[in-house]
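Welcome, and thanks for taking a look at this one. Please open the model in your viewer and keep it at hand while you read.

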Amino acid sequence: MSESGKTATISLGEKSAALPVLSGTLGPDVVDIRKLPAQTGVFTFDPGYGETASCTSKITFIDGEKGILLHRGYPIAQLAEKATFMEVAYLLLNGELPDQKAYDTFVTDIKHHTLLHEQIRNFFNGFRRDAHPMAILCGTVGALSSFYHDGIDISNAASRNLSAMRIIAKIPTIAAWAYRYTRGDAFIYPRNDLSYAENFLSMMFAVPSEQYKINPVLARAMDRILILHADHEQNASTSTVRLAGSTGANPFACISAGIAALWGPAHGGANEAVLKMLASIGHKDNIPDFIAKVKDKSSGVRLMGFGHRVYKNFDPRAKIMQATCHEVLSELGIKDDPLLDLAIELEKIAISDEYFVKRSLYPNVDFYSGIILKAMGIPTSMFTVLFAVARTTGWISQWKEMIEEPGQRIGRPRQLYVGSPERDFTPISERS
Ligand code: CMC
């Protein structure tokens, strides 16, 4: 961050404030409003924080107009094409791509932490058999705090790093066990001879009595899904992790807060919502009626998997996901999947329809990821869980960056109060 040399002046009656304009390395400049209240007595109002930079960050850059997504400067398409998820995780956490030695050490360290404390198994039994796996994930990740709380000194770099390694290593195990618990299947322990994505597939689908054969196309697709969801700047769940972390809370509790924020259908729940939407449309013939409902604001129906707060031309992740989608379906020999046919038809109509074009509503990453995951045999209820597995790397990298920021302080947004003015209390007997 540097001073741009420019100044923004705000005049308010007699008072005025000359506010410094700051430049980053990429993206628009920002007006530093920190002195605005002291100089003019007013705050700024930005519900949803759409126009407010809440922090500086060196991790991810997005240009929504141009459809650019960079992690530590590297374009997402190059990472998805050439890197493994573990390389991306190292990059997000440490700022640079690892050389071979650093990579091998990182992968070995992650594998060292994939097991869960055996007492964590007991937590699963406390959930209803039909619990949503996001509820199990949120609760169990939060419960990790009780296993590591005393050992975490967030002011110590080695301790922060150990927590980051632990959470990245353990989240796939918790996620896969959440799924197996709801099915009544035996828990499958992590295998250190497999990659991160392969191990996740094994913990999801292996049975104890048989050798599990990894399909390399599906493992690569899973690795790519993890890369594409690994981080996305200051979105709702990441901001939640940062806000929780700004209080000095335990990192496992902060990640659990991020999982809760991710759950909603406007965020990580969208890929699950896409499949539900396709199932509810049922047949291509019903698409025109459905589109008419989407356009009718009073219906409250949205075209799930379309639109993005930041990307207003296209979502660069969606392009890669679309290609991966075709690879997976061809590997699995799926030619006539009715839901896929429906999705393709819907995509065609929506990208040429004036309503969507005018509002820059293009398919986002979740539109295709739901279809891929379904083809891979992953149940709909696990889609957001998988998003959380991938995003944990971004969350913990952002948490670490925030704690390491000089002068870091508690996050505390302000408000515009629109409630009752001050009034006197009336005893209950006198209230009509
Ligand atoms: N279907 C129909 N209309 C839409 C949609 C949609 N999916 N998204 C936005 N609009 C309309 C909206 O009604 C509004 O119209 P108007 O200007 O006439 O009032 C206009 O487009 C702008 O919408 P907005 O609500 O101001 O946009 P936003 O930036 O607040 O919302 C969004 C972004 C992602 C929440 C929204 O596009 C949405 O609900 N999409 C469906 C859910 C979805 O797919 N979410 C996944 C996002 S990608 C994963 C991630 O990165 O978290």
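The notes below cover a helix, a pocket and a sheet in this predicted model.

**Helix 14**
- The 16 residues of helix 14 (residues 316-331) should span 22 Å at 1.5 Å a residue, and the end C-alpha atoms are 24 Å apart, which agrees.
- Buried positions in this helix include Pro 316, Arg 317, Ala 318, Ile 320 and Met 321, and Thr 324, Cys 325, Val 328 and Leu 329 are buried too.
- These buried residues pack against strand 5 (68-71) and against several helices, namely helix 2 (76-82), helix 9 (216-228), helix 15 (338-352), helix 17 (365-375) and helix 18 (383-404).
- After helix 14 comes Gly 333, with a positive phi near 65°.

**Second largest pocket**
- The second largest pocket holds about 180 Å³ of space.
- It is lined by 13 residues, and those closest to its centre are Thr 84, Tyr 103, Ser 195, Tyr 196 and Asp 223.
- Helix 3 (85-94), helix 4 (100-112), helix 8 (196-205) and helix 9 each give at least two residues to the lining; helix 9 has the largest share, with four residues.
- By type, the lining has eight nonpolar, two polar and three charged residues.

- Three strands make an open sheet with antiparallel pairing, in the order 1-2-3.
- Strand 1 (2-12) and strand 3 (30-31) are at the edges with a single partner strand each, so one side of each has no neighbour in the sheet.
- Strand 1 and strand 2 (residues 15-23) run antiparallel and are joined by eight bridges.
- Opposite Lys 15 in strand 2 stands Leu 12.

Terms used
Residues numbered from 1 in each chain as written. Predicted model: local features only at pLDDT ≥ 70, side-chain atom pairs only at ≥ 80, totals over all residues. Heavy atoms only, no water. Expected span 1.5 Å × (residues − 1). Buried < 20%, exposed > 50% of the residue type's maximum accessible area, 1.4 Å probe, protein only. Contact = heavy atoms within 4.5 Å. 1 Å grid on protein atoms, 1.4 Å probe; cavity = no way out; pocket = protein on both sides within 12 Å on 5 of 7 lines; lining within 4 Å. Points joined across faces, edges and corners; volume = space filled by probe spheres on them. Nonpolar A, V, L, I, M, F, W, Y, C, P; charged D, E, K, R; others polar. Pairing = 2+ DSSP bridges.
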